[in-house]
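Take a moment with the model before reading on. The paragraphs below walk through the places where its chains meet.

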Number of protein chains: 4
Amino acid sequence: MSTRRNFIKQAGAAGALSVLPFSKLYSQPATNRQTPSRWADGSRLVVSVSMQFEAGGQPDHAESPFPQNMIKGYRDLPATTWYEYGYKEGIPRMLDNWDKLGIKVTSHMVGTAVLRHPQLAKEIVDRGHEAAAHGMNWSSQYNLSYEEEKKFIKDGADAIQQVTGITPVGYNANWLRRGENTLKILQELGFIYHIDDLSRDEPFVIQVNEKDFAVVPYTLRCNDILLIEGKNFSADQFVAQVKMEFDQLYTESNSRRRQLSISFHDRIGGTPQLVKAAHDIIRYIQQHDGVRFKRKDEIARMILKDKTAVRE
Amino acid sequence: MSTRRNFIKQAGAAGALSVLPFSKLYSQPATNRQTPSRWADGSRLVVSVSMQFEAGGQPDHAESPFPQNMIKGYRDLPATTWYEYGYKEGIPRMLDNWDKLGIKVTSHMVGTAVLRHPQLAKEIVDRGHEAAAHGMNWSSQYNLSYEEEKKFIKDGADAIQQVTGITPVGYNANWLRRGENTLKILQELGFIYHIDDLSRDEPFVIQVNEKDFAVVPYTLRCNDILLIEGKNFSADQFVAQVKMEFDQLYTESNSRRRQLSISFHDRIGGTPQLVKAAHDIIRYIQQHDGVRFKRKDEIARMILKDKTAVRE
Amino acid sequence: MSTRRNFIKQAGAAGALSVLPFSKLYSQPATNRQTPSRWADGSRLVVSVSMQFEAGGQPDHAESPFPQNMIKGYRDLPATTWYEYGYKEGIPRMLDNWDKLGIKVTSHMVGTAVLRHPQLAKEIVDRGHEAAAHGMNWSSQYNLSYEEEKKFIKDGADAIQQVTGITPVGYNANWLRRGENTLKILQELGFIYHIDDLSRDEPFVIQVNEKDFAVVPYTLRCNDILLIEGKNFSADQFVAQVKMEFDQLYTESNSRRRQLSISFHDRIGGTPQLVKAAHDIIRYIQQHDGVRFKRKDEIARMILKDKTAVRE
Amino acid sequence: MSTRRNFIKQAGAAGALSVLPFSKLYSQPATNRQTPSRWADGSRLVVSVSMQFEAGGQPDHAESPFPQNMIKGYRDLPATTWYEYGYKEGIPRMLDNWDKLGIKVTSHMVGTAVLRHPQLAKEIVDRGHEAAAHGMNWSSQYNLSYEEEKKFIKDGADAIQQVTGITPVGYNANWLRRGENTLKILQELGFIYHIDDLSRDEPFVIQVNEKDFAVVPYTLRCNDILLIEGKNFSADQFVAQVKMEFDQLYTESNSRRRQLSISFHDRIGGTPQLVKAAHDIIRYIQQHDGVRFKRKDEIARMILKDKTAVRE
C-alpha cells in the first residue's frame, strides 16, 4: 500500500533514519554464524571467572547494603566494615576455592585498593591469577578529558605493576562505563583487551587506532553485584540461574564456539554462601567435556591470533 | 436499614455513580462462561509466544540494567552493547530454539529496529514466524494527535513490509499504551488484531468503527521484561511460574477453551538462561494433548470467523 | 551501678516514658498463653481465606504493574484492562476453585465495584461466601471526619445489601488504614468484626463503645498484593511460604488454638498461576486433622460467644 | 614503563594516597590465617543467634510493610498492630522454639521496649538467654554528642538491669551505626563487646581506651530484616541461603575456627514461617559435629581470654 519510494520518504521525514539503502548501519550481520566449532585450544566452551578487587578503594558513602540516609558529615562505620570484609575474608576465601577447584581467574583491581592491600594483590598473582586494571580510583571515567583519563588508567596500571610485578593487559571501567576515548587510550598504553561489552557470548576482535584489539565480554546475568547485593536473589537462585546459562551455551557449543562469563566481587562473591555457590556451579561445569576455564588475558591472546575470530 | 430509594440517592450523592438501574456499565456479564469447549481447530488451549524485536531501535538512555545516573551529554556505551546483544545473539538463538521445538511465533517489530537490521527481520519471516507491527519508533503514542499517530503506525508497518515483504496485521503499542484513537486507526489501516489488553485468558472480538476487530490478549505474568529484567526472578522461577500458569489453564480447558500467552524480548528472552527456560517450558507444554502453538495472526483469523467467540 | 530511683529519673528525663511503676502500658501481658487448646467448634486451627472484590471500583491511575509515568490528562488503557481481568476472569475462576476445594471464603467488596458488577457480587453470595464491607470507594478513610467516614462506610454496606440482599457484618479499610473513629462507627452501624489488625495469630475480642467487638486478624505474609503484585515472589515461592506458615501454626495448635489467614485479590489471586497456588496450598492443608476453613463472620460469631477468648 | 619514583609521585598527585611505603594502612594483613583450628571450648564453629527485642519501642511512623504515604498528623494504626505482633506472638513463639531446639540466644533490647514489656524482657532472661543493650530509644546515636550518647547507652542498659536484674555487657547500635565515640563509651561503661561490625566470620579483639574489647560480628546475609521484611526472599529461600552459608563455614572450620551469625527480629523472625525456617536451619546445623550454639557474651568472654585470637 506504499511504494518503496514513499516508504523511504516517510522514513526520512520521521527523522529517525537517513535516506540510505538498507545496509549494515551496524557492522556485523546479526545472523552470521559460520565460524569453526572449536577454539584454538581445542575447547568448545571457554569459561572466564572474574574476582574483582575493589574493597578498601571505595569512596566515602559508596553504595552498600545500608540505607543511604545518613546525616552529612558523619562516617558510615558499619558500611566500612562491610567493605573490609572483602579483603579480610572475601579474597582469601575465594583464592582457596579457586585452588581447590583448580582454576585460574582474572582480577580487575582498583589502584587504590591495591596500594592499601599490596600483600593481598601480590598473593593473587603469586597463586597464578591474572592482575588486570580497573582504574586508579573507584570512580567514573567516561566524563574525564582525554589527558585526565589517560592518567587515571595509567596510574591504576602502574600501581598494579609496582605491587605485583605484572603489567596488566586487560581493562574494566567503573560500572563498565568507558567513554569515547577509552579504547584509544588503552591501545596506546599497550593493553590488549577490555571487557566492558555485553553484546556477545564469545570473545571478538575490533579495530582500535587501526590495530586489532580484543573484547572479552563481561556479564550482568551471572554477576553477584546485580543479583545478590540487591538482595533480589538468594544464593541458591544464583546457582540455578548460572547452571541454566551454562546448559544452553554448552548445547550451542556442540556446533559453535562459545564463552561463559561469571563475575564475583570481593565483599559479595567472597561470602561463604557465594563461595559455596561458586563451588557448586564450577564443579557442575567441570563434569562436561570440552570446557576450559581460562584467564581473560589467555582468551584475548588466543582470539587475537585467530583468523576465524568474529571481527567488527 | 436503608431503602433502595435512599441507597440510590446516597450512591448518587457520593458522586461515584450516576443514578442508573443496576446494569452493565461494562459491556460483558462477568460470569458468562457458556462457550464451546474447543477452538475451531479442535484444540482446547492455544499457546501464543511473542519474540519482540526492538533492539537497535531504542532511544538514547533507554531503560537498561545500568543505573540511570549518568551525567548529561554522555553516551551510555555499555547499555548500547546490552541492546546489541538482542540482534547479535538473542534473536538468532531464539530462532534456533523455535525450530528445534517446532513452533512458530509472533514478532512485534519496532520500525527503526527493522530498518537497522533488515536481514534479521527478513530471516524471522523466512523461517515462518509472523512479522507484526510495534510502531515506527520506540516511543509512546498515546499522546500523539490522530494524524501523528496514524503516520507513526503506518511508517512502522511500511518498514516491515518493505524489508520482509509481509504486510503486518497485528499491533502492539509501546508498553501496551494505546491511546483513544489507536484502535480506529488500526482498523482504518487494515490491521485485524491488537494485543494491548490483559483482560481475558482467551482471544475475543470487539467492535471498532462498527466492524469486527480481534483482541489477542498479551501477558505481564509470563513476560521476561517484568520478571527478569528487574532481577526479581531467576530463570528457574520463571520456569516454575509459567508451568503453574499452564497447569491451571490446561485444567480449565477441559471444559472451556483458553489461551496462554508467553512473551520474550530480544535482549532478555534471547539470553542462554531464558532460552533454556523457554525450552523447558515448551517441552513441558508439548507433553499435553489438545494444545496448539499458534501465531497471533492465526489466532485472530480463527476467532474472527468464530460465531461463538466472546464479543464485547 | 544506678539505683532504681536514678533509673526512673533518667528514664523520665529522657522524655520517652512517664514516671510510672512498671506496668502494662499495653493491655495484654505478652506471654499469657493459657487458653483452651480447641475452638468452640472442636477445631485446633481455623483457616480464613479472603477474596477481595475491588476491580472496577479503582480510581483513575490506581497502582498497577505499569510504570507510573504517564503524561497527565491521558487514560491508562492497558492498566484498565488489567483491572478488568479481576471480574472477567479472576473472581469467576476463584469461585470455581473454592467449589472444587469445598471451602467458603470472605469477600470484602468495594461499594463501587459491587454497583458496577452486581451479578458477580450476587453470585459470590449465592455460592455461599460472605459478603463483607470495604468502603464505598477505593480510597482512604483515616482522614475523613466522623460524619464523612460514617457515610463512607454505610454507603458501601448499603450497596452490598441492595445488590446481594446480605447486610455485611465485617469490615476492611483501604490498605487496612482505619482512623481513630472507625471502630466506634462500625459498632454503631451494627458490624460485629473488623480485620485491620496484624497483632495476633488468632481472633480476639476488644471493647468498642463498651461492648464486645471481634477482631479477625488479616495477613500481609500470605497476601498476594505484597508478595506477587510487586513481582518479588513467583507463584511457587508463594506456595512454599504459606505452607511453612501453616506447618508452624499447625504444630502450635497441638496445644493452643490458632488461626491462619490467607488473602487473594480479584486481579492478582484470580490469575491461573495463583489459583493453582491456592489449590495446592489448600489441598495440602486439608490433609491435616483438626483444621476448619471458615468465613470470617463465622469466626467472629464463634469468638464473641467464647468466654475463653483472648480479650484486650 | 614507569619507575617506582614516578609511580609514587603520580599516586600522591592523584590525591588518593599519601607518599608512604607500601604498608598496612589497615592494621591486619588480610591473608594472615595462621590461627588454631579449634576454639577454647573445643568447637570448630560457633553459631550465634540473635533475637532482637525492639517492638513497642518504635517511634511513630517507623518503617513497616505499609506504604509510607500517609497524610501528616494521622497515626498509622495497622502498622502499630504489625509491631505489636512482635511481643504478642513473635518473642513468645521464638522462646518456645529455642527451648525445643535446646539453644540459648542473645537478645539486644531497646530500652523503651523493655520498659513497656517488662515481663517479657524478664522471661527472656529467666529462660536462659542473654539480655544485651540496644540503646534507650529506637533512634540513631552516631550524631549525638559524647555526653548525649553516653546517657543514651547508659539509660538503655539501666532499663534492662532494672527489669531483668542483668547488667548487659554487649551492645548493638541502631542499624549498626555507631559513632566515633561509641566504643570508648562502651568501654567506660563496662561493656565487653559490640556486634556492629561485618568484617570477619570470627570474633576478634580490638584495643579501645588501651584495653581489650571484643567484637562479635553481626550479619546482614542471614538477617530477617534485609531479606524478609523487604519481601525479596520467601521463607524457603532464607532456609536455603543460610544452609549454604553454614556449609561453607563448616568446611572451612575443618582447618580454621569460624563463627556463623544469624539474626531475627521480634515482629519478623517471630512469624510462623520464619520460626519454621529457624527450626529447619538449626536442626540441620545440629546434625554436624564440632558446632556450638553460644550466646554472644559467652563468645566475647571466650575470645577475650584467648591469646591466639585475631587482634586488630
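Start between chain C and chain B, where 17 residue pairs are in polar contact, both residues at pLDDT 80 or more. This is a predicted model. On chain C, the side that touches chain B draws two or more residues from each of several helices: α2 (77-101), α3 (111-116), α4 (118-126), α5 (146-164), α8 (235-252) and α10 (272-286). The top contributor is α2(C), with 13 residues. By class, this side of chain C holds 25 nonpolar, 14 polar and 18 charged residues.

Charged residues also pair up across this interface. The rule finds 7 salt bridges between chain C and chain B. One of them joins the side chains of Glu89(C) and Arg256(B), at 4.0 Å from N to O. In total, 57 residues of chain C and 52 residues of chain B take part in the contact. The two chains bury about 5,000 Å² between them, and carbon and sulfur atoms account for 58% of that.

Now move to chain A and chain B. Here 52 residues of chain A contact 57 residues of chain B. The buried area is about 5,000 Å², with 58% from carbon and sulfur atoms. Again the rule finds 7 salt bridges. Among them, Glu252(A) meets Arg93(B) through their side chains, at 2.3 Å from N to O.

Which helix gives the largest share of the side of chain A that touches chain B? It is α8(A), with 10 residues. Helices α1 (4-13), α7 (224-229) and α8 (235-252) of chain A each supply at least two. This side of chain A has 22 nonpolar, 13 polar and 17 charged residues.

Terms used: Residues are numbered from 1 along each chain as its sequence is written. Chains are lettered from A and ligands numbered from 1 in the order in which they are written. This is a predicted model: local features need pLDDT of at least 70, side-chain atom pairs count only at pLDDT 80 or more; totals for chains, interfaces and linings use all residues. Side-chain values use heavy atoms; hydrogens and water are left out. Contact means heavy atoms within 4.5 Å. Buried area is the accessible area (1.4 Å probe) that two parts lose on being put together, summed over both. Helices (H or I, at least four residues) and strands (E, at least two) are DSSP runs, numbered from the N terminus. Ala, Val, Leu, Ile, Met, Phe, Trp, Tyr, Cys and Pro count as nonpolar, Asp, Glu, Lys and Arg as charged, and the others, Gly among them, as polar. A polar contact is a pair of N or O atoms within 3.5 Å; within protein, one must be able to donate a hydrogen and the other to accept it, and residues adjacent in sequence count only if both atoms are side-chain atoms.
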